[in-house]
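Take a look at the structure below. This report walks through a few of its local features, one at a time.

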Amino acid sequence: MTFQAEWLRGTLLGLALVMAAPALAGNNPDDGVVTDFLLDNGMEVVVIPDHRAPIVTHMVWYKIGSADEPPGKSGIAHFFEHLMFKATSNHAAGELDRAVAAIGGSDNAFTSYDYTAFHETVVPQALGEMMGFEADRMRNLILNDDVIKTERDVILEERRSRIDSNPQAVLDEEVDATLWQNQPYRIPVIGWMQEMEKLNRTDAMAFYNKYYTPNNAVLVVAGDVEPETVKALAEKTYGKVARGPDLPPRIRPVEPEQNTRRTVTLTDGRVSVPSFTTQWVVPSYHTAKPGEAEALDVLSEILGGGNRSRLYQELVVRQGIAATAGAFFQGTMLDDTNFTVYGAPRGDAKLADVEAAVDAEIARIAKDGVTSDELEKSKDRFVRSMIFARDKQEDMANIYGSTLATGGNVQDVQQWPDRIRKVTADQVKEVAARYLNLDHATTGYLLPQTQAGN
Amino acid sequence: MMNQHGPALSSLLVGSSPSPTRGAGPLLATLFLSLVFLVLPALSARAAMNIQEVTSPKGITAWLVEDYSVPIVAIRFVFDGGATQDPPGKEGLANLMSGLFDEGAGNLDSEAFQIKLDEVGAEMSFDAQRDGIYGSMRMLADQRDGAFDLLRVAVNQPRFDQVPIDRIRAQILSGIIASERDPDTLAQRKWLDAIYGRHPYARPDQGTRQSIATITPADLSAFHKANFARDGLHVAVVGAIDAETLKQKLDLVFGSLPEKQALTPVPDIDLKLGQQLEVVYDQPQASLQLAYPGVKRNAPDFFAAVLMNEILGGGTFTSRLFDEVREKRGLAYSVSSDLVDHQHSEALSITTSTRADRAAETLAVVRDVVKRMADEGPTEAELAATKKYMIGAYAINNLNSSGAIASTLVEIQLGKLGIDYMQRRAALINAVTQDQVKAVAKKLLSAEPAVMVVGPKLGAANKG
């Protein structure tokens, strides 16, 4: 559909990952039985066996993301992720990529607010080799100014590609900076252009030496492998890397209470259909009181999780005023997170009509709560999404990795479905009433140029 | 199609286009992170996959991979035809129809159908592509009877009620309007017109404001009848179901459809290459798109071309284009080449986006890399490494979930490659010689390409 729907698709996907669940036993006795342990140097290890195919996914998650960056150095976490593919004292640049390609594997990496992860998917026989590469680049990277300069050009192009060429992304960036006034999630993961342009070798090495240590990393291995094998290989590779200094607890500035209604507007010549997103600061799974984040998950599903949701049924189907409308909650974050609703008009309807109708649904849910049918069906959807998620092992690895990198543990993932099952209608109503205060919300408007001045 | 029915969440995990975008995903945290997850490789390759050919009493054939590891069943099927069958003036008909299968069927209206679909815990989607209309369903094994029965009514008795037609049409229209001033959309429009001329491939799959306004329930019913017939059907099923049960389900879902499709023949078309297009828009980047001749899926030099493309700009971080454009010069974040095979045309396309003031330089580097490949072909070492990569990567890229396996099996059927294709594939790749790759490189890349630049005027430096 539209560009906007693609964007929403991306956001909902994040939710699906958060919701997916621990595997249950498959054909093989140990399929889905998750093992976790610590290496002597403090590196955490999680093994998720799945013997359906002779393949493993190997991921190293560092508990370092853009929200941990020093002031003025925005983008260094992501820039450093790119630099991790350069030469080390043992391997030339590109050697890992070539080794992975030579066995038909694949590799990549990604950076978020709270973590940075590197991963390879290969045949099980190559697992030890991959661990060797990852353990090597954890400490032995060599960076020179030429490498820095060229790769910095790449991330600048990445920013131009992903943000600066895209009005929705330009708006989102500034909505984030408005929603978050104090918490570091206000800074874009890719960084602000003028700070990215100045990132240098000294910044990169300082970042590397501080955060890329075994005691700040989580190894997740999913696939056709036994925990004992993983342990033996990990001890031979990662186990040889010296423990780094203990890192201070990840305590970051938190958000003050929001006492205002904030709006951010972008009018752009490329836009023809207006749209809005409204966001609130809410607790994440890591910061919430017991049961509260689960209730927010259920609330987002009932309010705007799909075609059976209230927003879709009321705005798109019954009133026929919206092309799209929905909600989502991003629970797997280290600090407080955001709850978002969105919509765009269709036909003769105005954006204000859609926004008012969304607000009305929020007010209704906060006042009257949800029905037991809605509650049970939304829980069923969560539960089956977990069963479907078990079909794709990389999803399992991502669920465990992202949870462990944001302050959670293996049990949190495994007990999540039970905790969702326990959410009550009262809890859903309560979190809606407590957090979705329309007078203290942050809204972004993306408008066509013809509406400028309205 | 736009309307992701089926309580979506995890259904959104399906469907990805692997591309090398290292480090993609820093922005907006999880928003983009989730997109990155899509390009991650996958696990369950099922190397020893056993594909059964199952034929029902009424003569419906499906390929089945029986697998009980996860208690789900995935079915994917396609009817030949697709958006090329939209009658002139009714462009967007196939696309609109594909949005209506969960909007009422049999004695269930839209609301009743969707409630029931939710209750049986299944996810159903339809998608009109250029050469076929695809359908997929993912269901829980213990509720598969209810799910298959809903699929039966959707496939056989879609209601095409006026109210949901108008609603889905309005959503599509909203999408069409939303992209009317988007330079990339406008550029793609111009590109399709330029390379396809008056061929149906040049038409927008979603239709136009005018064309979708004319579509009636009678158009939809007639289109359904002409396209949803057994002789144009290809089916694959993966998961917790045995052959005997599947035979019953095949008859249930497809056995009562008409025997023969009534399709309008679509001619093959040679792309109009050797032209320069420019879409001027003041933005920080310029995007470059080049099209060269491609090879047909059944051509003898198909695998030589695939290997050549992989070396030139394929899905790894080791391709020549990646190395020259990104690694050595930092000109772009992503650059790649793809072999595109439609039923009636084929091409090798190269795309990248670069800083506007270095667009000319980037284009020159790309042209130079292409010329070198055309003149010299790959080295022996590149070819050997790429063969290994392509053989090993097949499972990771194509068989990483039940849905992906079903999808791959349907494509193998469409390509008429044979049920033993996966066993033969490695040998086909290994048999390709360096001379054959050189020959195909010369053949495809010596042609003068179609080139499109979208962005500030070339040469006019933009304060980026």
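## A hairpin in chain B

In this predicted model, β1(B) and β2(B) form a hairpin, with five residues between the two strands. One residue in the turn is B:Gly59, which has a positive phi of about 90 degrees.

The strands cover residues 52-55 for β1(B) and residues 61-66 for β2(B). They pair in the antiparallel sense, over four bridges. Look for B:Thr55: it stands opposite B:Thr61 in β2(B).

## A sheet in chain A

Now turn to chain A. Six strands make an open sheet there, in the order β1-β2-β6-β3-β5-β4, with mixed pairing. Which strands form the edges? They are β1 (35-38) and β4 (106-111) of chain A, and each pairs on one side only. From one strand to the next, the twist averages 15 degrees.

Start at β1(A). Four bridges join β1(A) to β2 (residues 44-49) of chain A, and the two strands run antiparallel. Here A:Thr35 stands opposite A:Val47 in β2(A). In a regular strand, side chains alternate between the two faces of the sheet.

Helix α4 (residues 127-139) of chain A lies across β3 (56-62) and β5 (116-122) of chain A. Its angle to β3(A) is about 20 degrees.

## Two helices that cross

Two packed helices are described by the angle between their axes and the distance between the axes. Apply that to α2 (residues 76-83) and α5 (residues 145-164) of chain A. Their axes come within 10 Å and cross at roughly 125 degrees. The crossing is right-handed.

Which residues meet? From α2(A) come A:His78, A:Phe79, A:His82 and A:Leu83. From α5(A) come A:Glu151, A:Arg152, A:Val154 and A:Ile155. By class, this contact has four nonpolar, two polar and two charged residues.

## Two loop residues with positive phi

Back to chain B. B:Phe160 is not a glycine, yet its phi is positive, near 50 degrees. B:Phe160 lies in the loop between α4 (144-156) and α5 (162-178) of chain B. Is B:Phe160 buried or exposed? B:Phe160 has 23 C-beta neighbours inside 10 Å, so it counts as buried. The cut-off for buried is 20 or more.

B:Lys416 also has a positive phi without being glycine, near 55 degrees. B:Lys416 is in the loop between α14 (402-414) and α15 (421-430) of chain B. With 9 other C-beta atoms within 10 Å, B:Lys416 is exposed, because the cut-off for exposed is 12 or fewer.

Key: Residues numbered from 1 in each chain as written. Chains lettered and ligands numbered in written order. Predicted model: local features only at pLDDT ≥ 70, side-chain atom pairs only at ≥ 80, totals over all residues. Pairing = 2+ DSSP bridges. Axes fitted to C-alpha atoms, helices over the stretch in contact; angles between N-to-C directions. Contact = placed C-beta atoms within 7 Å. Left-handed = near helix turned anticlockwise from the far one by under 90°. Nonpolar A, V, L, I, M, F, W, Y, C, P; charged D, E, K, R; others polar.
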